[in-house]
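I opened my notebook today to get to know a new structure. Here is what I looked up, entry by entry.

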Amino acid sequence: MTKVLYVDIPFEAESNQGAERSRFIWDILSRAFITDLLLLKTPEYLTRKVPDFQGYEQLHSLATAPPNPLKTKSIYQFSRDNLDKFCRILQTGKYNLVFFRGEACLELADEAAGTLPDCHIVLDIEKPI
């Protein structure tokens, strides 16, 4: 069976259009595949409790780093320690597909492509209305 890693910021307790889309995607993935969840702790969640989620095999989290204007590859940036942690998660999980909610994680997408070259990488990009 296909094993998926879904990467997103915490969305369960939020009530906005982006969170609705995240919940929809999560619901579909977690019902159809063996799915692990990786939550990105942005500055808003470093001091708040991450809401409860359901439907995952494993729950992982990574903290984002303060933005570096000289490193503009992606909106969310990560320390070398967190990038190494992400690579360990990928290697341990042996994922067939890594699904990134939004284009803010391009740095992680590059790491995933290098760590699991046979893995499919999916970026969900919302088209503005």
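**Entry: a pair of neighbours in the strands**

Which residue in β2 does Asp8 stand opposite? I looked it up and found Leu39. Before going on, I noted that this is a predicted model. β1 and β2 run parallel and are joined by 6 bridges. β2 and β3 also pair in the parallel sense, over 5 bridges. I looked at cover too: β2 is mostly covered, with 6 of its 8 residues buried.

**Entry: the whole chain**

Next I stepped back to the overall layout. I counted 3 helices and 5 strands in the chain. Reading along the sequence, I wrote down the pattern β-α-β-β-α-β-α-β. The chain has 129 residues, and 43% of them count as buried.

I also looked up how far apart in sequence the contacting residues are. Among contacts between residues at least 6 apart in sequence, 59% join residues at least 24 apart.

**Entry: salt bridges**

How many salt bridges does the structure hold? I found 6, and I followed up some of them.

One of them is between the side chains of Glu20 and Arg23, at 2.5 Å, N to O. Both residues lie in helix α1, residues 17-32, and they are 3 residues apart, about one turn of the helix. Glu20 counts as partly exposed, at 49% relative accessibility.

Then I turned to Asp124, whose side chain meets that of Arg21 in a salt bridge of 2.6 Å, N to O. This pair links distant parts of the chain, as Asp124 is in strand β5 (residues 120-124) and Arg21 is in helix α1, 103 residues apart. Is Asp124 buried or exposed? I read 11% relative accessibility for Asp124, which counts as buried. Arg21 has 30% and counts as partly exposed.

Asp124 also forms a salt bridge with Arg101, at 3.3 Å, N to O. Asp124 lies in strand β5 and Arg101 in strand β4 (residues 97-101), so this pair ties together parts that are 23 residues apart in sequence. Both Asp124 and Arg101 are buried. Put together, Arg21, Arg101 and Asp124 are linked in a network of salt bridges.

**Entry: helix α3**

My last stop was helix α3, residues 106-115, where I found Leu106. Which residues of α3 are buried? I listed Glu107, Leu108, Ala109, Glu111, Ala112 and Thr115. The buried residues of α3 pack against β1, β2, β3, α2, β4 and β5.

Leu106 itself is partly exposed, with a relative accessible area of 30%. Leu106 also belongs to a nonpolar surface patch of about 290 Å², made together with Ile121, Leu123 and Ile125.

How values were computed
Residues are numbered from 1 along each chain as its sequence is written. This is a predicted model: local features need pLDDT of at least 70, side-chain atom pairs count only at pLDDT 80 or more; totals for chains, interfaces and linings use all residues. Side-chain values use heavy atoms; hydrogens and water are left out. Helices (H or I, at least four residues) and strands (E, at least two) are DSSP runs, numbered from the N terminus. Buried means under 20% relative accessible area, exposed over 50%, partly exposed in between (1.4 Å probe, protein chains only). Contact means heavy atoms within 4.5 Å. Patches are made of residues with over 30% relative accessible area and no salt bridge: like charges are joined within 9 Å, nonpolar side chains (Val, Leu, Ile, Met, Phe, Trp, Tyr) within 5 Å. Accessible areas come from the Shrake-Rupley method with a 1.4 Å probe; for residues, only the protein chains shown count as cover. A salt bridge is a side-chain nitrogen of Lys or Arg within 4 Å of a carboxyl oxygen of Asp or Glu. Two strands pair if DSSP finds at least two bridges between them.
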